[in-house]
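Biologist: I am new to this structure and would like to go through it step by step. Could we begin once it is displayed?

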Amino acid sequence: MMKIIVVKDSEQGGKEACKIFKEVLADNGTVFGLATGSTPLTTYRNLVKDDIDFSNAISVNLDEYVGIKPDNPQSYQYFMNEYLFKYKPFKHSYLPQGDAPDSKKEVERYDKVIAENPIDLQLLGIGRNGHIGFNEPGSDFNLKTHKVALSPSTIKANARFFKNEEDVPRYAYSMGIGSIMKSKKIILEAFGAQKAHAVAAMIEGPVSADCPASVLQKHNDVIVIVDEEAAAEL
Ligand code: GLP
């Protein structure tokens, strides 16, 4: 079941998401699946301001670029430290390791992490082409962690965080849709007009690999938090 919450703006959206984090924690949830990108920033800001305490909780991130070190400012590890972990430390925080020497082993390691830490609440953003994590259109819905080649449109969209488009990594490790769907509860956030098409396809379109996020129609506890612009095509 998908519950849709339309908010005025991303600030309001972040407040709603923060409330849900608190409810899950109060309800003895201990494992939080976290996301990067500009979308979850207001959520992290609200969590940082709040008195929520994650020191007995575990975080498991969705994805990481391949080939960059955890201390590289472009890495998702760096992003998480900067916006959340340095203010709100978890008992343990897991991310795929971008510079792991052996990608096959890294994928196996991460699947083990997820299997040992079943996710109570997963936070998601959505790509303009409907991707979740880095599960691009065409991805198999049963996949666990895997190494993905980023689509040209994702490289372009993410280039805004890099000096040049050529600097955007071409590959990433991503939790698969199979793993995401095992999360007990999911929040998907989308803000801004550039997400309106993907949001409509996710909620009203057919469940299809053309829009990976549409698979969420089959999950029994999804909360979609959208601002008015992202809800415009619903
Ligand atoms: C990236 C991330 C996704 C994220 C998406 C949208 O490619 N891998 O997890 O949801 O882009 O990013 P943004 O929130 O910056 O629009």
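Biologist: What covers the buried residues of helix H3?

Modeller: In helix H3 (residues 76–85), the buried residues are Tyr76, Gln77, Phe79, Met80 and Leu84; a residue is buried if 20 or more other C-beta atoms, placed from the backbone, lie within 10 Å of its own, exposed if 12 or fewer, and partly exposed in between. They lie on the same side of H3, because they cover an arc of only 155° around the axis (the arc of the directions from the helix axis to the C-beta atoms). Contact requires C-beta atoms, placed from the backbone, within 7 Å, while helices (H or I, at least four residues) and strands (E, at least two) are DSSP runs numbered from the N terminus. The cover includes helix H2 (41–49) and the strands S2 (31–34), S3 (58–61), S4 (63–65) and S5 (92–94).

Biologist: On what kind of model and numbering does this rest?

Modeller: This is a predicted model, in which local features need pLDDT of at least 70 and side-chain atom pairs count only at pLDDT 80 or more, whereas totals for chains, interfaces and linings use all residues. Residues are numbered from 1 along each chain as its sequence is written.

Biologist: Against which elements do the buried residues of H2 pack?

Modeller: In H2, the buried residues are Thr42, Thr43, Tyr44, Asn46 and Leu47. Their packing partners are H1, H3, S6 and strand S9 (185–190).

Biologist: How does the chain compare with a globular protein of its length?

Modeller: The chain has seven helices and 10 strands. Its radius of gyration, taken over C-alpha atoms, is 16 Å, close to the 17 Å of the globule rule for 234 residues, so the chain is as compact as a globular protein of that length. The globule rule is 2.2 Å times the number of residues to the power 0.38. Along the principal axes, the C-alpha trace spans about 45 × 40 × 35 Å.

Biologist: What share of the contacts with a separation of 6 or more joins residues 24 or more positions apart?

Modeller: Buried residues make up 42% of the 234 residues in the chain. Among contacts with a separation of 6 or more, the share from residues 24 or more positions apart is 81%.

Biologist: How far apart are the end C-alpha atoms of the domain that UniProt lists?

Modeller: An unreviewed UniProt entry lists residues 18–222 as "domain: Glucosamine/galactosamine-6-phosphate isomerase"; positions follow the numbering used here, feature names are shortened, and annotations may be inferred rather than shown by experiment. Over residues 18–222 the chain is 31% helix and 16% strand, and the distance between the end C-alpha atoms is 15 Å.

Biologist: Is aspartate 63 buried or exposed?

Modeller: The "active site" annotation of the unreviewed UniProt entry covers Asp63, Asn129, His131 and Glu136. Aspartate 63 sits in strand S4, and its contacts beyond four places in sequence include Tyr76, Pro96 and Tyr173. Because aspartate 63 has 23 C-beta neighbours inside 10 Å, it counts as buried.

Biologist: Which residues does glutamate 136 contact beyond four places in sequence?

Modeller: Glutamate 136 belongs to the loop between strand S6 (121–124) and strand S7 (146–149). It counts as buried because it has 21 C-beta neighbours inside 10 Å. Its contacts beyond four places in sequence are His131, Val148, Ser151 and Thr154.

Biologist: What is the C-alpha to C-alpha distance between lysine 69 and aspartate 99?

Modeller: Lysine 69 is placed in the loop between S4 and H3, and it counts as exposed because it has 12 C-beta neighbours inside 10 Å. Not counting residues up to four places away in sequence, lysine 69 touches Ser75, Gly98 and Asp99. Lysine 69 and aspartate 99 are 30 residues apart in sequence, and their C-alpha distance is 5.2 Å.

Biologist: What is the phi of asparagine 28?

Modeller: Asparagine 28 is in the loop between H1 and S2, and it counts as exposed because it has 7 C-beta neighbours inside 10 Å. Although asparagine 28 is not a glycine, its phi is positive, at about 70°.

Terms used
Two residues are in contact if their C-beta atoms, placed from the backbone, lie within 7 Å.
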